[in-house]
Structures are given as C-alpha cells and as structure tokens.
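Open the model in your viewer and keep the sequence panel beside it. The stops below go from a sheet to the nonpolar cores and then to a pair of helices.

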Amino acid sequence: MTVPALRPALRDVSTDQFLADVIAGLSDNPKHLLPKYFYDEAGSKLFEEITRLPEYYLTRTELKILRDNALAIAAHIPRDSALVELGAGSATKAKILLEAAPQITAYVPVDISAEFLGNEAAKLERDIPRVAVYPVATDFTRSFELPTAVRGRPCIGFFPGSTIGNFEPHEASELLRHAARILGREALFIVGADLAKDSNSLHAAYNDAAGVTAKFNLNLLARINRELGADFNLSAFEHHACYNRERGRIEVYLASRKRQKVHVASKTFDFRAGETIHTENSYKFTIKSFSALARGAGWAPVTVYTDHEEYFAVYVLKQK
Ligand code: TRP
C-alpha cells in the first residue's frame with residue numbers, strides 16, 4: 001500500500017543547491033563535501049548495509065538499548081504524543097518506541113531522502129495502523145514546520161544513530177536549540193550518541209573488511225557524477241577514516257590516488273596525489289560531555305541508558 005495523499009509533500013532538495021554546495025566545497029582548501037548528500041537512494045541503501053556490518057557496533061548496540069529500556073522510556077511519554085524523528089531513514093528504531101508506547105498516535109519522519117521516506121512511511125502505516133504517519137521530506141538542519149495534524153500535541157523528538165556527532169559542536173548545539181523551538185515547550189528529546197572508547201574499535205567501525213563504508217563514501221562522488229554530470233573517476237579515489245583523539249572524532253576522507261583533474265559543471269578542480277576531500281566527522285562523547293552539550297542548548301538530561309560495555313548511549317532530554 002502506498003500513501004498517495006502524502007506524495008505531493010515529498011520533494012528532494014534542489015539540484016541547484018547541491019551543485020552550489022559541491023562547487024563551494026571543492027573550491028575550498030582543504031576540500032570538503034557536506035555529509036547530508038551521502039543519502040540519495042543508493043547511499044541510503046549502502047548505509048543500511050553499514051548498520052548490519054559486524055564492525056559497526058553502533059546500530060546494533062543502540063537497538064539493544066532501545067529494546068531493553070523501551071518501557072522505561074515510554075513511561076516518560078504523555079498521552080496522544082507525536083514522535084518526530086530527525087533523519088528517519090528506516091523506521092526500525094522508531095518502531096520499538098511506537099510499539100512500547102501506545103500513547104504515541106502520530107509519527108513524523110523528517111528525512112532528506114524523499115523516496116526512501118515514502119516507502120518506509122507506507123510500510124509503517126501497514127505495520128502499526130494505530131499510528132498516523134506524516135512524513136516531511138526536508139533537510140532538518142534548516143527550519144521546518146511540523147505538519148498541522150500534530151501541532152499542539154506533545155512532541156517527542158527522536159534523533160538516533162549518533163547523527164548528532166556528525167555536526168561540529170557549535171552546529172550540534174544550534175541543532176538542539178532549533179529542535180527545542182520546533183518541538184515546543186513540553187517536548188522530550190530522545191537522542192542516541194556514540195560513546196568515546198578505545199581507538200581500535202572505533203577505527204574498525206569506519207574501516208570494515210567488506211569495504212561497504214568505502215563504497216558508501218565513494219557513492220558521494222558517484223552521485224555528483226549522476227546528478228551534476230561530473231566526471232569523477234571512482235577508482236582514482238580511496239576511502240580513509242581515522243580517529244583523531246585530540247578532537248574526539250572519527251574523520252572520514254576521500255583521497256586522490258594520483259594527480260588529476262575533475263570537471264563539475266563548467267568548473268575544473270585539480271587534485272594533487274594524496275589530496276583529500278573531507279566528507280564526514282563523527283564525534284564521540286562521554287556521558288559528561290554530551291550532557292554538557294545538551295544543557296548548553298536548553299535541554300536537561302532526564303535519564304541516560306547505555307549497554308553493559310558502555311559503547312553507546314541513549315539520552316532522554318527535557319526542555320529546561
Ligand atoms: N551517523 C553515522 C556515524 O557517525 C554515519 C556514518 C557511519 C558514516 N559510517 C559512516 C558517515 C561512514 C560517513 C562515512 O557513525
């Protein structure tokens with residue numbers, strides 16, 4: 001079953017903006033690209049594959065934390081609430097909360113990938129008919145409005161996957177403030193964030209043996225070729241990910257294997273051998289550092305749930 005009534009609201013970010021962002025990033029020194037562009041349809045599928053990799057402990061651990069504590073989390077949620085998920089992708093994690101908390105009657109997945117979102121929304125309406133689904137296809141880092149159907153209801157923000165760690169600390173703080181504004185005074189915010197740990201486990205999670213993460217990273221160049229008519233030679237770039245201990249983050253790059261030129265629209269970009277394009281950061285937090293970040297952005301931590309290895313943490317935040 002599809003949800004035709006919702007279709008007109010689903011729209012992808014404009015190609016013009018994508019082109020402008022790509023040109024700006026490749027013109028900078030050092031070069032960089034925005035991680036939000038990883039998630040076209042191919043990228044979203046590759047990311048799903050990442051979440052099932054043996055080395056990528058994040059998703060598995062977060063799912064276990066959510067399952068083990070679903071009822072405790074549900075106890076914080078008021079009647080007739082709307083669950084608003086930022087960067088929904090697949091609704092697997094939201095489903096755990098929706099099933100544990102029957103008082104949630106609406107689900108608002110907010111995601112940049114319209115196609116993925118449409119499919120997942122349809123599936124969820126089929127699986128949990130009690131919940132009305134109102135997908136919003138937008139870049140949640142920009143300001144957006146909640147669908148009229150959920151305005152005025154208690155809103156539970158949901159931001160799993162340690163996506164918060166993909167922002168610079170000042171951007172993460174701004175995003176938390178922005179979420180507070182959108183979700184309203186009485187809101188709760190459930191946020192999953194990766195915990196700082198030994199660098200071997202971290203390194204392995206972003207350098208899987210099967211090479212799926214490399215494929216995911218390189219898909220960004222493939223997407224630029226597909227959508228912007230660029231001529232990146234994918235075999236002339238390689239995936240690099242390393243843990244920067246001082247900054248407490250994994251840094252992800254695409255490195256040029258040789259000296260080369262790449263054309264995007266009317267522009268030519270020169271690459272030195274070994275020159276990198278920075279594509280992503282993934283900040284790792286201690287419970288203390290994350291709580292401080294949340295507090296600084298107007299949210300008080302109510303509870304923190306973690307796994308027995310303390311690999312990952314799920315925070316329930318309340319507006320101060
Ligand atoms: N939020 C995910 C993370 O920080 C995103 C991610 C996982 C990712 N693997 C990646 C981003 C590889 C870029 C490259 O873990």
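**Stop 1: the sheet**

Select strand E1 and strand E12 (residues 276-283) in this predicted model. The two strands run parallel and are joined by two bridges. Pick His32 next; its bridge partner in E12 is His278.

The open sheet has four of them, in the order E1-E12-E9-E8, and the pairing is mixed. Strand E1 (31-32) and strand E8 (237-244) are the edge strands, each pairing on one side only.

**Stop 2: the cores**

Which residues touch the most other members of the largest nonpolar core? Select Tyr107 and Phe232: within this core of 72 residues, these two do. Then colour helix H3 (residues 57-74), which supplies the largest share of the core, eight residues. Another core, of 37 residues, lies apart from this one; Ile164, Ile182, Leu195 and Ala313 are among its residues.

Go back to Phe232 and show its surroundings. Leaving aside neighbours within four places in sequence, Phe232 is in contact with Leu26, Leu221, Ile224, Asn225, Phe237, Val262, Val264, Phe271 and Ile277.

**Stop 3: two packed helices**

Select helix H2 (residues 41-51) and helix H8 (residues 212-228). Their axes are 9 Å apart and meet at an angle of about 175°. Angles over 145 degrees count as roughly antiparallel, so H2 is roughly antiparallel to H8.

Show the side chains at the contact. From H2, take Ala42, Gly43, Leu46, Phe47, Glu49 and Ile50; from H8, take Val212, Thr213, Lys215, Phe216, Asn219 and Arg226. Coloured by type, the residues of this contact divide into six nonpolar, three polar and three charged.

Definitions and conventions: Residues are numbered from 1 along each chain as its sequence is written. This is a predicted model: local features need pLDDT of at least 70, side-chain atom pairs count only at pLDDT 80 or more; totals for chains, interfaces and linings use all residues. Side-chain values use heavy atoms; hydrogens and water are left out. Two strands pair if DSSP finds at least two bridges between them. Helices (H or I, at least four residues) and strands (E, at least two) are DSSP runs, numbered from the N terminus. A nonpolar core is a set of buried Ala, Val, Leu, Ile, Met, Phe, Trp, Tyr and Cys residues joined through side-chain atoms within 4.5 Å. Buried means under 20% relative accessible area, exposed over 50%, partly exposed in between (1.4 Å probe, protein chains only). Contact means heavy atoms within 4.5 Å. Axes are lines fitted to C-alpha atoms, for helices over the stretch in contact, and angles run from 0 to 180 degrees between N-to-C directions. Angles under 35 degrees count as roughly parallel, over 145 as roughly antiparallel, 65 to 115 as roughly perpendicular and the rest as oblique. Ala, Val, Leu, Ile, Met, Phe, Trp, Tyr, Cys and Pro count as nonpolar, Asp, Glu, Lys and Arg as charged, and the others, Gly among them, as polar.
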